[in-house]
Amino acid sequence: MHESKTSRTGKPRLKAPKSPNGQKTSMARRSDRFLAQLGNYKRVSLVTHVNPDPDSLGSMMGLAHLIDQKLGIPTRLTRDGLISRAENRAMVELLDIELVPIESITWEADEAVVMVDSQPNTGRHHLGDDVPLVAVIDHHDTPGNLEDIDFVDVRRSLGATCSLVTSYLREQDISPDSRLATALLYGIETELCGYPREASPVDDKALIHLYPLANKDLMARIRNARLPQTYFNGLLQGLQNSFIYDRLIISWVDDLPQPEMAAEVVDFLIRFEEVDWALCAGVYNNNLILSLRAAVSDAQAGDLLSKVVGKLGRAGGHDRRAGGLIPLASVSESAIEGIQSELRKRLLKAMHIEECRGQRLVSKRDILQNLHT
Ligand SMILES: [Mn+2]
């Protein structure tokens with residue numbers, strides 16, 4: 001066993017230097033480089049995308065714990081916009097996650113900001129230009145402006161940012177307590193939900209590591225969070241205004257009870273066996289909120305939606321899931337109809353579907369007949 005190892009090209013393989021105990025020396029690991037960047041700051045704040053989801057919440061919690069355990073530096077978790085999906089609210093409440101609203105923050109001297117599950121200048125934040133961003137840790141396809149950031153770990157092949165954060169904790173021999181393990185596990189579960197092929201070996205390792213540590217009772221209570229009446233109203237609106245164009249279904253909701261409802265409608269519609277694509281577009285606070293899902297692989301949904309939306313607004317996401325937003329100059333019926341028809345035209349063109357009259361998912365006659373007065 002003394003022959004020197006060579007790579008496939010025949011050149012000697014460069015080996016990471018080893019410490020006396022046989023482990024890779026510290027600076028070879030990403031988590032060490034991450035921690036080294038933060039060592040001299042007095043405080044670290046964690047930020048993420050607007051309407052934080054379980055993956056971003058779990059990631060912020062995991063990194064805060066890592067920073068606390070390894071550097072002893074105080075941290076704070078922030079919230080940009082609302083958390084409105086019932087499951088996500090249950091996660092915040094049941095796991096008692098303290099979040100500082102981003103608009104109430106003034107950055108302090110000697111403070112570092114770490115962005116997770118998102119990238120700067122993707123139009124998904126309300127951060128000023130003065131944010132002292134030091135590190136970005138993410139897995140989204142949508143490219144951000146990463147110039148001048150000291151530490152960047154963006155891995156597009158990963159199912160969840162929580163998996164990446166879990167790998168940092170493991171590298172540093174930090175075992176999460178049951179609260180943190182629950183958050184990380186739920187974060188990964190929601191990202192991989194329904195599309196297991198998006199999972200990488202890093203995600204698998206994290207899931208196996210976290211599962212025995214997580215509180216399964218809390219997980220169940222988060223997954224099955226109680227739903228407000230507005231949820232059923234929003235879902236009904238979505239179902240009554242769903243139109244099929246070949247392998248695409250589009251659902252229009254005139255009045256979203258909360259912005260994340262568009263994603264909930266589309267998560268449901270993409271299970272329809274006759275379609276490969278589902279889009280929900282709903283009005284919320286002078287914005288048209290968009291959510292797109294694909295049931296086929298290699299869909300590049302994020303790129304597609306961003307091209308379709310173009311200069312009307314902004315959009316981005318993953319291979320099979322994307323979101324976006326179009327600001328509305330007016331919420332008059334005609335203005336909304338104008339944007340809807342432009343969006344439909346662009347989407348059909350991008351998907352090579354001939355312009356046609358959409359077929360209702362539920363016919364008007366059925367909708368009326370089923371009404372009990
Ligand atoms: Mn994520």
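At roughly what angle do the axes of helix α3 (residues 86–94) and helix α7 (residues 216–223) cross? The views below are of a predicted model, in which local features need pLDDT of at least 70, side-chain atom pairs count only at pLDDT 80 or more, and totals for chains, interfaces and linings use all residues. Residues are numbered from 1 along each chain as its sequence is written, and side-chain values use heavy atoms, with hydrogens and water left out.

**View A. Packing of helices α3 and α7.** The two axes cross at roughly 145° and come within 8 Å. Axes are lines fitted to C-alpha atoms, for helices over the stretch in contact, with angles from 0 to 180 degrees between N-to-C directions. Helices (H or I, at least four residues) and strands (E, at least two) are DSSP runs numbered from the N terminus. E87, A90, M91 and L94 of α3 meet L218, R221, I222 and R223 of α7, contact meaning heavy atoms within 4.5 Å. By class, this contact has 5 nonpolar, no polar and 3 charged residues; Ala, Val, Leu, Ile, Met, Phe, Trp, Tyr, Cys and Pro count as nonpolar, Asp, Glu, Lys and Arg as charged, and the others, Gly among them, as polar.

**View B. Packing of helices α2 and α5.** Helix α2 (residues 54–71) and helix α5 (residues 178–192) have axes that come within 8 Å and cross at roughly 145°. On the α2 side the contact is made by P54, D55, G58, M61, G62 and H65, and on the α5 side by R179, L180, A183, L184, Y186, G187, T190 and E191. The classes here are 6 nonpolar, 5 polar and 3 charged residues.

View C. D117 is located in the loop between β4 (111–116) and β5 (133–138). Its relative accessible area is 0%, so D117 is buried (under 20% relative accessible area; exposed is over 50%, partly exposed in between; 1.4 Å probe, protein chains only). Residues touching D117, not counting those up to four places away in sequence, include T48, H49, D53, I137 and H139. The side chains of D117 and T161 are joined by a polar contact of 2.8 Å, a term for a pair of N or O atoms within 3.5 Å; within protein, one must be able to donate a hydrogen and the other to accept it, and residues adjacent in sequence count only if both atoms are side-chain atoms.

**View D. Surroundings of S251.** Strand β8 (residues 248–253) contains S251, which counts as buried at 0% relative accessibility. Its side chain forms a polar contact of 3.4 Å with that of S242.
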